[in-house]
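Hi,

Here is the structure I promised to pass on. Have a look, and my notes follow below.

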Amino acid sequence: MPFVRIDTIGTEKLEALGNAVHDAMVETLGIPDDDRFQVLNGQSTLKYDDYLGIRRDEGVVFIGITMRQGRTDEQKKSLYRRIAELAEEYAGTEPRNVLVTITENNPVDWSIGNGEAQYA
């Protein structure tokens, strides 16, 4: 059950970006199609530089994914690549403007509802 937060400037592309990230996770990580938990925020003030020589502009998108540990490095690399491809296809966001971070945790770190640790 990945939890996704997408921050960008403006709201017009948020739905498409959310779909891009979800579809990429279904394809590369094998998550269930109905496993979507996202916070989409287009009201952010974003600060960024041209770190590592990647020139970003006002189309920048920050994507944070929190998920249980256990994915391989190759799965993560495939996910990054597919998110960038689908963000461009679905929302017209240039791959250079897509920054993705993954935070992993343990099954006991999740409560899906009812005050229970369903995965513990």
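Leu52 sits in the loop that joins strand S2 (38-41) to strand S3 (61-68); helices (H or I, at least four residues) and strands (E, at least two) are DSSP runs, numbered from the N terminus. Before you read on: this is a predicted model, where local features need pLDDT of at least 70, side-chain atom pairs count only at pLDDT 80 or more, and totals for chains, interfaces and linings use all residues. Residues are numbered from 1 along each chain as its sequence is written, and side-chain values use heavy atoms, with hydrogens and water left out.

Leu52 is not a glycine, yet its phi is positive, about 60°. Most residues other than glycine have a negative phi. Leu52 counts as exposed because its relative accessibility is 70% (exposed is over 50%, buried under 20%, partly exposed in between; 1.4 Å probe, protein chains only).

Asn114, in the segment after strand S4 (98-105), also has a positive phi without being a glycine, about 65°. With 74% relative accessibility, Asn114 therefore counts as exposed.

Then there's helix H2 (residues 73-91): 19 residues, spanning 26 Å from first C-alpha to last, close to the 27 Å expected (1.5 Å times one less than its number of residues). Its buried residues are Lys76, Leu79, Ile83, Ala84, Leu86, Ala87 and Ala91. What do the buried residues of H2 pack against? Helix H1 (14-29), S3 and S4, with contact meaning heavy atoms within 4.5 Å. After H2 comes Gly92, with a positive phi near 75°.

Cheers
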